[in-house]
Amino acid sequence: GDQRRQINAIVTSGAGDTFRLQHVDLLVDVSPGDRVITSGLDKIYPKGLLVGTVSNVDGAGTLEQEIIVRPAVDFGRLEEVLVLGSDAAMLDESRRQRDRTADRPVPKSQRKGG
């Protein structure tokens, strides 16, 4: 699928190793193979990160489409991850680390004049 339009939706956990794309109106054109990427609108995740690929679309009997997304990565095989945090959260953590360090006694070898 190409990146032919932008829609706003919410990604939630699905069955097994899939995600569900929620709150997508029946009139929105979504097809298997379409890529799902982050929008950056939440100010948490940067714009353009690949979340996954649409694997199934069903809208029978509801006002919204049931969209299944196959994740871009196999979470069971990840060895390292990068945790993204907001600037405020990172600033709070920096302050906590500074405060913990300030409470430690300074070794004699690092004291001024000693």
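This tour moves through the structure one selection at a time.

The model is predicted, so local features are given for pLDDT of at least 70 and side-chain atom pairs for pLDDT 80 or more, while totals for chains, interfaces and linings use all residues. Residues are numbered from 1 along each chain as its sequence is written, and side-chain values use heavy atoms, with hydrogens and water left out.

**The whole chain**

Display the complete protein as a cartoon. One helix and five strands are present; these are DSSP runs numbered from the N terminus, helices being H or I of at least four residues and strands E of at least two. Their order from the N terminus is β-β-β-β-β-α. Of the 114 residues, 14% are buried, where buried means under 20% relative accessible area, exposed over 50%, and partly exposed in between (1.4 Å probe, protein chains only).

Select residues 10–13, which are strand S1, together with 19–22, strand S2. Four bridges join S1 to S2 in antiparallel fashion; strands pair if DSSP finds at least two bridges between them. Ile 10 is found opposite Gln 22 of S2. The two strands form a hairpin with five residues between them, and Gly 16 in the turn has a positive phi of about 60°.

**The partners of S5**

S5 runs antiparallel to S2, with three bridges joining them, and Arg 20 has Ile 68 as its bridge partner.

**The nonpolar core**

Show the side chains of Phe 19, Leu 21, Val 24, Val 30, Val 36, Val 54, Ile 67 and Val 69, the eight residues of the largest nonpolar core. Such a core is a set of buried Ala, Val, Leu, Ile, Met, Phe, Trp, Tyr and Cys residues joined through side-chain atoms within 4.5 Å. Centre the view on Val 36: beyond its neighbours within four places in sequence, its contacts (heavy atoms within 4.5 Å) include Leu 21, Val 54 and Val 69.

Finally, select Val 81, in the loop between S5 and helix H1 (87–102). Is Val 81 buried or exposed? Val 81 is exposed, with a relative accessible area of 62%.
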